[in-house]
There are 2 protein chains.
Amino acid sequence: MTSEFNLTCPLPIQNYPHILLAHGGGGKLMHQLIEQVFLPAFGTENKPQHDAAILSLNRDRIAFTTDSYVVQPLIFPGGDIGTLAINGTVNDLAMAGAKPLYLSVGFILEEGLSMTTLWQIVQSMQQAAQEAGVSIVTGDTKVVEKGKGDGIFINTTGIGIVEHDRLIHPRAIQPGDVAIASGDLGRHGIAIMATREGLEFETTIESDCAPLHEIIAELLAAGLNLHCLRDLTRGGLASALNELAIASQLGIHLDQTQIPLREDVKGACELLGFDPLYVANEGRFVAILPESEAEKALAILHRYPDLCDRAAIIGRITANNGGLVTMRNQIGSTRIVELLSGQQLPRIC
Amino acid sequence: MTSEFNLTCPLPIQNYPHILLAHGGGGKLMHQLIEQVFLPAFGTENKPQHDAAILSLNRDRIAFTTDSYVVQPLIFPGGDIGTLAINGTVNDLAMAGAKPLYLSVGFILEEGLSMTTLWQIVQSMQQAAQEAGVSIVTGDTKVVEKGKGDGIFINTTGIGIVEHDRLIHPRAIQPGDVAIASGDLGRHGIAIMATREGLEFETTIESDCAPLHEIIAELLAAGLNLHCLRDLTRGGLASALNELAIASQLGIHLDQTQIPLREDVKGACELLGFDPLYVANEGRFVAILPESEAEKALAILHRYPDLCDRAAIIGRITANNGGLVTMRNQIGSTRIVELLSGQQLPRIC
């Protein structure tokens with residue numbers, strides 16, 4: 001989204017203003033699309049000439065993760081499906097305690113997709129990859145008939161290297177640990193919904209979409225005894241914590257007054273009828289670690305004002321209420337924060 | 001497709017006969033789908049509880065490849081989209097000279113997909129993965145609204161380990177090398193088209209969909225100096241060879257009389273108006289290696305009668321006609337075999 005973007009698509013779009021079925025047919029048009037759109041956007045350093053990329057790792061313990069992205073609208077305040085597809089997979093690697101290295105990209109394009117839109121998205125991907133220090137090393141493109149897809153779906157699959165021998169996993173969570181939220185919640189989901197519904201607020205709420213691997217690397221480098229990390233994407237904080245509670249068979253007890261929320265997001269949630277605990281984020285995570293190390297972790301997080309200025313301890317891990325997330329509200333009563341029943345925000349990522 | 005299949009979906013399908021949006025919403029229904037459909041099908045040995053799988057490799061040179069599968073119909077003679085999604089990615093790893101190890105799977109499901117169909121497909125995937133000796137170690141599921149997808153799209157991304165230091169790549173191709181086709185061509189494409197068009201032949205033509213890694217491993221173990229390998233999927237033999245000719249800047253000269261084709265496939269191609277050189281295969285490859293080693297390679301291939309009984313030398317690499325594929329026909333005249341212009345068979349894989 002910066003002025004460095006080359007908004008002129010190098011493919012002669014007067015000939016092909018839209019994606020045709022032939023762009024996925026293995027013939028000339030597909031080659032043109034690869035040579036003239038994807039390669040210029042992704043760079044030719046790791047030009048995927050062969051079916052598989054041969055990668056040299058310097059250690060043999062890796063993290064491997066995949067996500068398909070189907071967000072609508074494709075472009076939203078603070079990002080687009082391309083930035084999301086890179087940052088989402090980078091963050092999944094970071095949450096496993098890995099240093100993200102290599103990504104694959106699989107496109108499913110709908111016949112009739114505007115070439116300009118595609119070009120913008122692949123540039124966003126390359127910019128996000130550069131910012132995250134990852135290389136897109138192999139890819140695939142399929143095209144489906146108009147009406148059999150929805151513009152563009154993107155799968156990214158990532159490999160990261162694990163350069164430590166700590167176990168960062170729900171199994172490592174202990175009673176007495178605290179849960180830190182890395183920043184204010186709900187911006188991504190609200191940015192998407194506001195765009196979809198055509199709502200205008202006093203200020204535009206932008207997605208929090210961002211890569212988190214640097215922050216995680218710094219937390220690791222500081223020697224913090226991180227027990228578990230989880231990014232707060234689909235289903236938001238409530239879903240992530242429920243997954244961790246179930247996986248660890250411990251209780252997670254939240255203090256509602258400590259959960260960081262911006263006033264505009266809170267207001268939008270009230271307007272739209274959403275519980276912000278369930279709203280998706282794309283640049284937020286929860287870290288679970290011993291209480292004795294929480295202040296040190298917060299001090300590191302607060303060095304990233306754009307992402308983590310409102311990082312805070314939001315709850316505690318308990319031996320009782322195993323498998324449940326509970327929350328004490330402003331007036332002192334406690335309720336169960338349930339796993340989402342049904343769906344709240346379809347196609348949020 | 002064997003009797004070992006458990007055709008009873010473990011999810012209570014009377015409650016959820018079709019995929020709902022909520023199955024991709026991060027909540028209970030998605031958990032049910034994962035716990036009760038994907039995990040039983042894929043096995044719990046590598047249960048993907050965390051966002052990224054931590055993998056221990058015993059060497060540090062890997063191959064990494066991705067493919068999305070959008071074939072229609074989802075189920076066809078000789079396989080389904082699930083077998084295709086596993087074998088296709090396994091074969092891409094094998095073609096890089098790697099031993100396939102780990103796969104990720106990303107599903108994009110359309111609201112309204114029959115649970116029974118999904119169950120059949122995930123079982124096919126697990127069976128194909130077992131047969132290929134690969135583990136599905138991480139996954140993702142998204143659901144899109146009815147009319148915004150087409151039943152099911154599958155991305156698989158694979159990691160394989162490279163246990164030798166040979167360069168198997170278009171750059172390694174030399175003038176004087178020969179090209180061997182591993183078997184008769186065109187069965188997959190014809191199986192799909194016949195099903196789509198409702199055609200019936202005297203015998204059913206089944207897809208050749210199969211994993212090829214064992215054969216490749218045996219060719220490597222025999223010490224053959226394999227210069228390049230390529231599976232003959234979308235766009236068929238002609239497209240694969242054109243890609244290799246362009247990448248190597250050498251000529252590839254084919255002898256039409258040596259190209260293995262079954263009579264029924266040839267007849268179906270004539271009926272449907274297809275050139276079999278462009279028809280997709282999912283269990284065939286071309287190997288390019290020195291002429292002096294061709295007989296040894298053929299002897300190994302012929303030990304796999306189901307897949308390679310008709311393996312044959314089909315052409316030669318030349319220093320002249322760089323970047324072109326040419327073919328001498330039955331009556332001795334030579335023509336250029338062009339890269340496919342436009343598309344022939346959409347959504348063949």
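**Entry 1: B:Ser248**

I looked up the neighbours of B:Ser248 and found that B:Ser248 touches B:Pro170 and B:Ile173, leaving aside residues up to four places away in sequence. Contact here means heavy atoms within 4.5 Å. The model is predicted, so local features need pLDDT of at least 70 and side-chain atom pairs need pLDDT 80 or more, while totals for chains, interfaces and linings use all residues. Residues are numbered from 1 along each chain as its sequence is written, chains are lettered from A in the order in which they are written, and side-chain values use heavy atoms, without hydrogens and water.

I placed B:Ser248 in helix 6 (residues 236–248) of chain B. Helices are DSSP runs of H or I with at least four residues, strands are runs of E with at least two, and both are numbered from the N terminus.

Is B:Ser248 buried or exposed? B:Ser248 counts as buried because its relative accessibility is 17%; buried means under 20% relative accessible area, exposed over 50%, and partly exposed in between, with a 1.4 Å probe and protein chains only.

I then checked the polar atoms. The side chain of B:Ser248 comes to 2.8 Å from the backbone oxygen of B:Leu244, and a polar atom of that side chain lies 3.4 Å from the backbone oxygen of B:Ala245. A polar contact is a pair of N or O atoms within 3.5 Å; within protein, one must be able to donate a hydrogen and the other to accept it, and residues adjacent in sequence count only if both atoms are side-chain atoms.

**Entry 2: helix 2 of chain A**

The 15 residues should span 21 Å, and the end C-alpha atoms are 21 Å apart, so the two agree.

I noted that 15 of the 15 residues of helix 2 of chain A are buried. After helix 2 of chain A comes A:Gly97, with a positive phi near 80°.

**Entry 3: the two domains of chain A**

I looked up the domain assignment, which gives domain 1 (28–161) and domain 2 (170–336) of chain A; such bounds come from an automatic or database assignment. The contact takes 20 residues from domain 1 of chain A and 21 residues from domain 2 of chain A.

How values were computed. The expected span of a helix is 1.5 Å times one less than its number of residues.
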